[in-house]
Amino acid sequence: MTNPPDRSARTGRPGAPTGAVPGAVLKRLAGHRLLWPSLVLLALLLGNLAFTHDFFDIRVQDGHLYGSLIDILQFGAPLILVALGMTMVIATRGIDLSVGSTVAIAGALACEHIAGSADPGSAGTVLGAVAVALGVAVVLGLCNGLLVARLGVQPIVATLILMVAGRGVAQLITDGQIITVRSEGYHLIGGGYWLTFPFAVLLAGAVVALTAFVTRRSALGLLIESVGGNPAAGRLAGIRAAGLLTLVYVFCALCAAVAGLMISSNVQSADGNNAGLWIELDAILAVVIGGTALTGGRFSLGGTVLGALIIQTLSTTVYTLGVPPQTTLVFKAFVVVVVCLVQSPVFRAKMSRRRGRPHTRSTGTADAVGRQQEVRA
Amino acid sequence: MTAPPTPAAPDTGERRPVLEATGIRKQFPGVLALDGVALRLHPGEVHALMGENGAGKSTLIKVLTGVHAADEGTLLVDGRPGTFADPLQAQQAGISTVYQEVNLCPNLSVAENILIGREPRRFGLVDWKAVKRRAAELLTELDLDLDVSSPLGSHSLAVQQLVAIVRAVDVSAKVLVLDEPTSSLDRDEVAQLFSLVRRLRDRGVAILFVTHFLDQVFELCDRVTVLRNGRLEGEYTIGELTPVTLVQHMIGGELATLEELSEQAHEEAAERVAGEPLVQARALGRKGSVEPYDLDIHAGEVIGLAGLLGSGRTEAARLLFGADSADTGQVTVDGKAVSLRSPRHAVAHKIAFCSENRKTEGVFGELTIRENIVLALQAARGWTRPISRAKQEELTRRWIEALDIRPANPEAQLRNLSGGNQQKVLLARWLLTEPRLLILDEPTRGIDVGAKAEIQKLVARLAADGTAVLFVSAELEEVLRLSHRVAVLRDHRMVATLVNDDSVTPDRILATIATGADS
């Protein structure tokens, strides 16, 4: 059980000399806020390698990439998208609990559209399905945004409404059934390949890149961080918070809808009951692991992607380790607790203090000696 | 370095300092806040900690009280080495603090605030009757007449401050740290506080007193430690200092010549008021905060708003920015009626506003100096029209230089700056928008003489360049020094508007406040 975190301690050391060329680089690296999420992800991956020897193998078959790492990316793509939207919402000091329902609604609408059309395979049908799903997602996002920004409802309450109602809406759309569709075009979104890569991975990567570009190249990122960091000061500085908040909730719903398309497309069916169930919680967790505080303000898209990958790797690990199904959730929770503790500066300070000075000093000097030798070599 | 030329040496020889810090060093990202600072506190003394903004006073206090850990240096409490991991440990060691900003819970009652964490218990449950009784006793001891069951938030900032001090005193402190306790108190309240401080001193408590009011230092303190730029400047007994030498120690030489400002203001008072007003308020008011008032503001004119704490000064100013929306009246800019429904509308009419609550309504602590400075301009442009990074850096560099913001590092996090430097960043943010009317609410509160003089000079210069300034301050001298006209408020009503010529004195203003009419 404790293997992954234990390994992280051991694997952290060989990593150090690689950055030990100039001390300044190492110092900057140590202070970087993505350091801990990166180390945790690395530790999880290496932990898997210990149990599954071909874990890092990637092979090309029929012009498609295969391998465990590719699987993690592909199955993680929906979570990355949902967490991306969630990051923006959380940066404004909000939260969006309705993303899971939006995932279900988007999948149900798209499948319903395709199942009801005469030619399910045609590009027109698939594009129509995507358009319907995204269009409705905009409306859902507007509902959340207006409740929060215009009516001043607390985000957790405002989005709870749609979280509960949305599941019902998804079931109404599918008539309580699981709609199965056969459409090659639709399958591409979540399960297909393009230029040897899984299409879902490319799509998620493109959305992340576009979001990073827009938030950091325009002033959107700065204004969102201001509104989230200090709403009162933001108002007095003349920021149009209402517009920003609405925009952010619409963006979050759109991300969730695309994730919903991916999920339903991958299994070629829509399940109003279970699609995207609890994904809001995984997304919030991914955001927090990635270093964006729930109190709003500064956000980190890179951190969120790492956080989502950590969670997805964890899910994969559960399967590859063969953890019995009834203990899966407990195992996951345990690792998440460890991950959070490792990232907590308070906890790290306490641990290093408790371990006592002599111990830390000895490892410290050992490290330093190792580094010196490295430099000399 | 620490060797003070004190004639009080025999005194210190007898009694061991209750708190002794030596060689304290504290580094923040991009800022070396303290560098080899020392401080000694003896039982039964009131010790002033003085220095300009950014000299390191707040940081030193936070190190002494366990908020920050020092990077280097030793801390002796009663001669024993002590380091505090958190404020609670410092409190248990007998060091209590009352900060500049009241750190209590406004939603809890006065009694709960005083005794929170130390509630009297009965059968393991909180004995609420005893809580109220004990709180009432403590308040009566200190001549405070308050309803202990009323929520703390329903009282003025001044009263909240006194409650915070009562709480700190009840923690039975060996050392009481008062960080700018008087910056929001009126004269009577200051007197009340001082009598309390003296009583505590006579009981043997060591009191560290941080203030920017020089006269209060000479009135209350026995010994002074002066910091400059994060270093120890020296330790002095009050007898060997005069106000002038103290200021010289603090700012290291040249004394600000503020008298000129005052002369200028008086000479130009009449001519600035002539002509068409830039901004005109007619019957502008808001129920419960300020009664309808008329005010004409001319380009290049400084209007001071004078009045006691809670007289409606701040409220009147906020209406002109749309920070609170008016429910009666009309504002015109250049003769055209405008609607100031929100700050954004005011900004569009080139009106700018620096709130008195710098921390909660002004700065973004998490963001950098650069981001804080460009924010208002960026907000006015909207997110789709970003200011390029190169332009941002150029603007930031220019304003850091113009206002002497320290540290001069555009990427320093704002929360690591001293209060005065945060205020300057806030000013820079608004000056960047080239306002025609600049509303400053208590811009010099809680900042030191040096920065205060700089800000006053800046106001005079802005007015000379044609900016209208509405200047709100609790300090009458400051208002009279800068203003061409003074509007006096009393009980939420604007009772008089005086042209600031030689006949206007602090006494005349006070009389106006007292009687509600200009005599």
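Start with Ala21(B), whose bridge partner in S2(B) is Leu39(B). Before moving on, keep in mind that this is a predicted model, in which local features need pLDDT of at least 70 and side-chain atom pairs count only at pLDDT 80 or more, while totals for chains, interfaces and linings use all residues. Residues are numbered from 1 along each chain as its sequence is written, chains are lettered from A and ligands numbered from 1 in the order in which they are written, and side-chain values use heavy atoms, leaving out hydrogens and water.

**Stop 1: S1(B) and its partners**

Select residues 31-41 of chain B to see strand S2, which is antiparallel to S1(B) and joined to it by eight bridges. Strands here are DSSP runs (E, at least two residues; helices are H or I, at least four), numbered from the N terminus, and two strands pair if DSSP finds at least two bridges between them. Now zoom in on the hairpin, where two residues lie between the strands and Gly30(B) takes a positive phi near 80°.

Next, select residues 19-28 and 72-77 of chain B: these are S1 and S4, antiparallel and joined by five bridges. Pick Glu20(B) and you will find Leu76(B) as its bridge partner in S4(B).

**Stop 2: an open sheet**

Stay in chain B for four antiparallel strands that form an open sheet in the order S14-S13-S16-S17. S14 (290-297) and S17 (336-338) of chain B stand at the edges with a single partner strand each, so one side of each has no neighbour in the sheet. From one strand to the next, the twist averages 25°. Select residues 328-333 of chain B for S16, which pairs with S17(B) in the antiparallel sense over three bridges. Thr332(B) has Ala337(B) as its bridge partner in S17(B).

**Stop 3: two helices in chain A**

Select residues 184-191 (H8) and 241-267 (H12) of chain A, whose axes come within 7 Å and cross at roughly 115°. Axes are lines fitted to C-alpha atoms, for helices over the stretch in contact, with angles from 0 to 180 degrees between N-to-C directions. Show side chains for the contact (heavy atoms within 4.5 Å): among its residues are Tyr186(A) and Ile189(A) of H8(A), and Leu261(A) and Met262(A) of H12(A).

**Last stop: chain B as a whole**

Zoom out to chain B, with its 19 helices and 22 strands. Of its 519 residues, 54% count as buried, meaning under 20% relative accessible area with a 1.4 Å probe, protein chains only.

Methods: Buried means under 20% relative accessible area, exposed over 50%, partly exposed in between (1.4 Å probe, protein chains only).
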